[in-house]
Amino acid sequence: QVRMWLALEAGTHKEFRPLFYLHIVRPASLAAGISVENVDQVVPPGVHDSHVEWLRDALRGKVRFDTSEALARQIILSKLEVIERRLAESAYLVGDSFGMADLGWFTRIETFPALGLEIEGRRHPGILRWLETIRRRPAVEANP
């Protein structure tokens, strides 16, 4: 089961990455004074050209989606429904204790609000409970 949950999380990357670049990387880069014109001066040598092009596209506000931004959001939200169904039955994604699947999804889901993907109390009570449980773990509390 751990592999299944981690595969579902990893499969979210193609929808997550463009949203992450658009809503997190772009504003942070612009705030740091990085622009399309000076990106080559700030990216360290050895970074693959495809990653530099992703950054340029993000700085232009034109990230590449395999589908569309709206469909990417819909796909992510449908995966949240799968997680919600599981957490309606269990405190954790696999077994009775915190594990790798929880860690993988927790770090991803914690970023969702910054991408405009809200975790709603009506639709996601299990996820909200699970998030709060994990946030109260000493290692997470020590590293907000």
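**Stop 1: the largest pocket**

Start with helix 6, helix 7 and helix 8, each of which supplies at least two residues of the lining of the largest pocket. Helices here are DSSP runs (H or I, at least four residues; strands are E, at least two), numbered from the N terminus. This is a predicted model, where local features need pLDDT of at least 70 and side-chain atom pairs count only at pLDDT 80 or more, while totals for chains, interfaces and linings use all residues. Residues are numbered from 1 along each chain as its sequence is written, and side-chain values use heavy atoms, with hydrogens and water left out.

Now select Phe98, Leu103, Phe106, Thr107, Glu110, Ile134, Arg135, Val140, Glu141, Asn143 and Pro144, which line the largest pocket. A pocket is an open set of points on a 1 Å grid over the protein atoms alone, where a 1.4 Å probe fits, with protein on both sides within 12 Å along at least five of seven lines; lining residues have an atom within 4 Å of a point. The space in this pocket is about 170 Å³. Helix 6 gives the largest share of the lining, 3 residues. By type, the lining has 6 nonpolar, 2 polar and 3 charged residues.

**Stop 2: helix 6 against helix 7**

Select residues 100–109 (helix 6) and 125–135 (helix 7). Their axes lie 11 Å apart, at an angle of about 105°. The two helices are therefore roughly perpendicular (65 to 115 degrees). Show side chains for Asp102, Trp105, Phe106 and Ile109 on helix 6, then Ile127, Trp130, Leu131, Ile134 and Arg135 on helix 7; these make the contact (heavy atoms within 4.5 Å). The contact residues are 7 nonpolar, no polar and 2 charged.

**Stop 3: helix 2 against helix 4**

Move to residues 13–31 (helix 2) and 49–60 (helix 4). Here the angle is about 75° and the axes are 8 Å apart. That makes helix 2 roughly perpendicular to helix 4. On helix 2, pick Arg17, Pro18, Tyr21, Val25, Arg26, Ser29 and Leu30; they meet His51, Trp54, Leu55, Ala58, Leu59 and Arg60 of helix 4. This contact divides into 8 nonpolar, 2 polar and 3 charged residues.

**Stop 4: the whole chain**

Zoom out. How many helices and strands does the protein chain have? There are 8 helices and 0 strands. The C-alpha trace spans about 50 × 35 × 25 Å along its principal axes.

Finally, color by pLDDT, the predictor's confidence in each residue, from 0 to 100. The chain averages 93, and 100% of the residues score at least 70. Confidence is lowest in helix 8 (residues 138–141), at a mean of 89, and highest in helix 7, at 96.

Technical notes
Axes fitted to C-alpha atoms, helices over the stretch in contact; angles between N-to-C directions. Parallel < 35°, antiparallel > 145°, perpendicular 65-115°, else oblique. Nonpolar A, V, L, I, M, F, W, Y, C, P; charged D, E, K, R; others polar. Points joined across faces, edges and corners; volume = space filled by probe spheres on them.
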